[in-house]
Amino acid sequence: MPCAADAGKVKRIRNSGRVTVGPCDWRGKPLGAPVPGFAELLTPDESAHYTDLMRRKYGLVARVGLLGSRLRGGSERMVGIRIRLDG
């Protein structure tokens, strides 16, 4: 998922990489138990690869979401995040 390179979550990932993720609704209300994991920041080439996969899988919905990212600062200001779950 692309994210601004100077966002708080990116700074926290750079510091430790430990994350907790869980299912939620579109408002962020938790729908299940959280699971610990590890996040890592992607290189620009890796980010571009996953962005292309999102466009192919989700079509117009992904393009609209990615348009918002581009309008906020462009692809050079964005960084991809890969999350691996522990459990």
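About how many helical turns separate Arg56 and Asp52 in helix H2? They are separated by about one helical turn, because the two residues are four apart in that helix. The structure shown is a predicted model, and the pair is a salt bridge whose closest N and O atoms are 3.1 Å apart. Arg56 is exposed, since its relative accessible area is 60%, whereas Asp52, at 33%, counts as partly exposed.

**Salt bridges**

Side chains of opposite charge can pair when their charged atoms come close. Searching the whole structure gives five salt bridges. Three of them are listed here.

| Salt bridge | Closest N and O atoms |
|---|---|
| Arg56 and Asp52 | 3.1 Å |
| Arg82 and Glu40 | 3.4 Å |
| Arg84 and Glu40 | 3.6 Å |

Glu40 takes part in a salt bridge with Arg82 and in another with Arg84. With Arg84 in strand S4 and Glu40 in strand S3, that pair links distant parts of the chain, 44 residues apart. Glu40 has a relative accessible area of 25% and is therefore partly exposed. Arg84 is partly exposed too, with a value of 45%, and Arg82 belongs to the partly exposed class at 24%.

**Overall layout**

The chain has three helices and four strands. Read from the N terminus, its elements follow the order β-α-β-β-α-α-β. Of the 87 residues, 25% are buried. The chain exposes about 6400 Å², and carbon and sulfur atoms supply 59% of this area. Of the contacts between residues at least 6 apart in sequence, 60% join residues at least 24 apart.

**Strands**

Strand S3, residues 35–41, pairs with strand S2, residues 18–21, in the antiparallel sense through four bridges. Within this pairing, Arg18 has Phe38 of S3 as its bridge partner. S3 also pairs with S4, residues 78–85, again in the antiparallel sense, over five bridges. Here Leu41 stands opposite Ile81 of S4.

The loop between S2 and S3 contains Gly32. This glycine is partly exposed because its relative accessibility is 35%. Gly32 and Val21 are 11 residues apart along the chain, and 9.9 Å separates their C-alpha atoms.

Seven residues form the largest nonpolar core: Ala7, Val10, Ile13, Val19, Ala39, Val79 and Ile81. Helix H1, residues 8–15, and S4 each contribute at least two residues to this core.

Helix H2, in which Ser47 lies, spans residues 44–58. Neighbours within four places in sequence aside, Ser47 is in contact with Leu42, Val79 and Gly80. Its side chain reaches the backbone nitrogen of Gly80 at 2.9 Å.

Conventions. Residues numbered from 1 in each chain as written. Predicted model: local features only at pLDDT ≥ 70, side-chain atom pairs only at ≥ 80, totals over all residues. Heavy atoms only, no water. Pairing = 2+ DSSP bridges. Buried < 20%, exposed > 50% of the residue type's maximum accessible area, 1.4 Å probe, protein only. Contact = heavy atoms within 4.5 Å. Areas by Shrake-Rupley, 256 points an atom, 1.4 Å probe, with all protein chains shown as cover. Core = buried A, V, L, I, M, F, W, Y, C linked by side-chain atoms within 4.5 Å. Polar contact = N/O pair within 3.5 Å; in protein donor to acceptor, adjacent residues only side chain to side chain. Salt bridge = Lys/Arg side-chain N within 4 Å of Asp/Glu carboxyl O.
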